[in-house]
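Subject: Structure handover

Hello,

Here is the structure for you to look through. Please open it first, then read my notes below.

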Amino acid sequence: MFSCCQNGECVYPGQCRCTKDFTGPRCQYSLSNCDIKAVGFDGGYSCKGDSRKYSCDIYCTTKEEAITHTCFFSEDKWSPPIELCNPDAHSFDPDALARGEI
């Protein structure tokens, strides 16, 4: 028997209408699986998606240098993996200067 997950509504046999935070044939995938903000990417991006995947053109300096990254909701991972533009900036200790370490 076909049933919808995550409070999705059955609108036709084998078809669900999902709540705003879920997708998939049975609403079984969380949209947060492919949330570009959750990755903590520190550059620019432009994204679009459908019920199966989310794709983002991401760049560190200019849009012309953008690389397309895709995340399938069912896999919960980006391909190719997303790398930060300034990985050292995220580990900066603001008190290091006061301690004379910088």
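A residue counts as buried when its relative accessible area is under 20%, and as exposed when that area is over 50%. Partly exposed lies in between. Keep in mind that this is a predicted model.

Start with Ser-30. Its relative accessible area is 18%, so Ser-30 is buried. Ser-30 sits in strand E4, which covers residues 29-30. Its side chain makes a polar contact of 2.7 Å with the side chain of Ser-32. Beyond its neighbours within four places in sequence, Ser-30 touches Asp-21, Phe-22 and Phe-73. Now look at Gln-6. Gln-6 and Ser-30 are 24 residues apart in sequence, and their C-alpha atoms are 9.1 Å apart in space.

Phe-73 also belongs to the largest nonpolar core. That core has 10 residues in all. Among them are Cys-34, Ile-36, Trp-78 and Cys-85. Cys-85 has contacts of its own. Leaving aside neighbours within four places in sequence, these are Phe-41, Asp-42, Gly-43, Tyr-59 and Cys-60.

Next, the charged pairs. Side chains of opposite charge can pair when their charged atoms come close. How many salt bridges does a search of the whole structure find? It finds two. One joins Arg-17 to Glu-9, with the closest N and O atoms 3.1 Å apart. Glu-9 has a relative accessible area of 43%, so Glu-9 is partly exposed. Another links the side chains of Asp-50 and Lys-53, at 3.2 Å from N to O. Asp-50 is partly exposed at 39% relative accessible area. Lys-53 is partly exposed too, at 23%.

Best wishes

Conventions. Residues numbered from 1 in each chain as written. Predicted model: local features only at pLDDT ≥ 70, side-chain atom pairs only at ≥ 80, totals over all residues. Heavy atoms only, no water. Salt bridge = Lys/Arg side-chain N within 4 Å of Asp/Glu carboxyl O. Buried < 20%, exposed > 50% of the residue type's maximum accessible area, 1.4 Å probe, protein only. Core = buried A, V, L, I, M, F, W, Y, C linked by side-chain atoms within 4.5 Å. Contact = heavy atoms within 4.5 Å. Helix = DSSP H or I, 4+ residues; strand = E, 2+ residues; numbered from the N terminus. Polar contact = N/O pair within 3.5 Å; in protein donor to acceptor, adjacent residues only side chain to side chain.
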